Amino acid sequence: MSEDTIPYNKVGSDKPETVADVAESDGLSEEEWRAQNLPASKLAFRWRYTNKTIHLYERRLRSLAAFNVGPAVQAWVRSRLEWVRDNKLYELPDGVIVLTIDPEGLVDIQLEELPATPVLTQALLDAGEVPGTLWAARDGQLFVEQEPRHAADTLVRDLATTLGYEVVVDELPLDGTEVFAASDEFGIVPLEETRGQATNKLIECFDKLWTLDR
């Protein structure tokens, strides 16, 4: 699409429509359509891109389903991302895509400068200020407190399984473990004082894969 034909940011076809209109065109009641396609509250995602390539593009789109963003809204997000990729990323070749989706089906995409990767410290852990999802590795097991939903987390989960680790969804045992955070913006950020073989292997594999446009 050219810049003159940017898709509207409201879910629909080629013009803004109400959710009721879209639902009716799909043969559903508005309540059914909302339940299948829209989050209950506003969502915000921060996705890294490098050299005009959105990291893990397809995996990120698939991850939206875990946040109750249904097929109709996913398709609309894809159309807007494709337009942004083709028409706007040249203005800022490396950065962060900030995607927001609200309960009325409004989809907004902004570009921001890529901030410096934070240093994960014990002080941040104690304050609950983790740059992403917290993980811990110990004795052939990888622990995370919630079922992975974000793209970076599902990649860590899949890599861990491939590498022979058992992924355990449970409270994190932080004593005697290798601790790291994973995010769609920064990748894997280790707690350096606990960094070991498991963290190093995961980072090595993650860094080879997460920059791919797939």
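Across which strands does helix α6 lie? In this predicted model, helix α6, which covers residues 151–162, lies across β5 (133–138), β6, β7, β8 and β9, and its direction makes an angle of about 135° with β8. Helix α7 likewise lies across β5, β6, β8 and β9, and runs at about 155° to β9.

The strands named here belong to an open sheet of five, arranged in the order β7-β6-β5-β8-β9 with mixed pairing. The edges of this sheet are taken by β7 (166–169) and β9, and because each has a single partner strand, one side of each is left without a neighbour in the sheet. On average, neighbouring strands of the sheet are turned by 30° against each other when direction is ignored. In general, the strands of a sheet pair through backbone hydrogen bonds, in either a parallel or an antiparallel manner. Strand β6 (residues 141–144) and β7 run parallel and are joined by four bridges; in one of the pairings between strands, Leu 142 has Val 167 of β7 as its bridge partner.

Arg 46 lies in strand β1 (residues 43–50), whereas Glu 185 sits in the loop between β8 (178–183) and β9 (187–190), the two being 139 residues apart. Arg 46 counts as partly exposed because its relative accessibility is 32%, while Glu 185, at 9%, counts as buried because its value falls under 20%.

Other salt bridges are formed within a helix. In helix α7 (residues 197–209), Lys 208 and Glu 204 are four residues apart, so about one helical turn separates them, and the closest N and O atoms of their salt bridge are 3.7 Å apart. Lys 208 counts as exposed, with a relative accessibility of 57%, and Glu 204 counts as partly exposed at 38%. The side chains of Arg 34 and Glu 30 also meet in a salt bridge, with an N to O distance of 3.0 Å, and both residues lie in helix α2 (residues 30–37), four residues apart, or about one turn of the helix. Both partners count as partly exposed, Arg 34 at 23% relative accessibility and Glu 30 at 34%.

Technical notes
Residues numbered from 1 in each chain as written. Predicted model: local features only at pLDDT ≥ 70, side-chain atom pairs only at ≥ 80, totals over all residues. Heavy atoms only, no water. Salt bridge = Lys/Arg side-chain N within 4 Å of Asp/Glu carboxyl O. Buried < 20%, exposed > 50% of the residue type's maximum accessible area, 1.4 Å probe, protein only. Pairing = 2+ DSSP bridges. Axes fitted to C-alpha atoms, helices over the stretch in contact; angles between N-to-C directions. Contact = heavy atoms within 4.5 Å.
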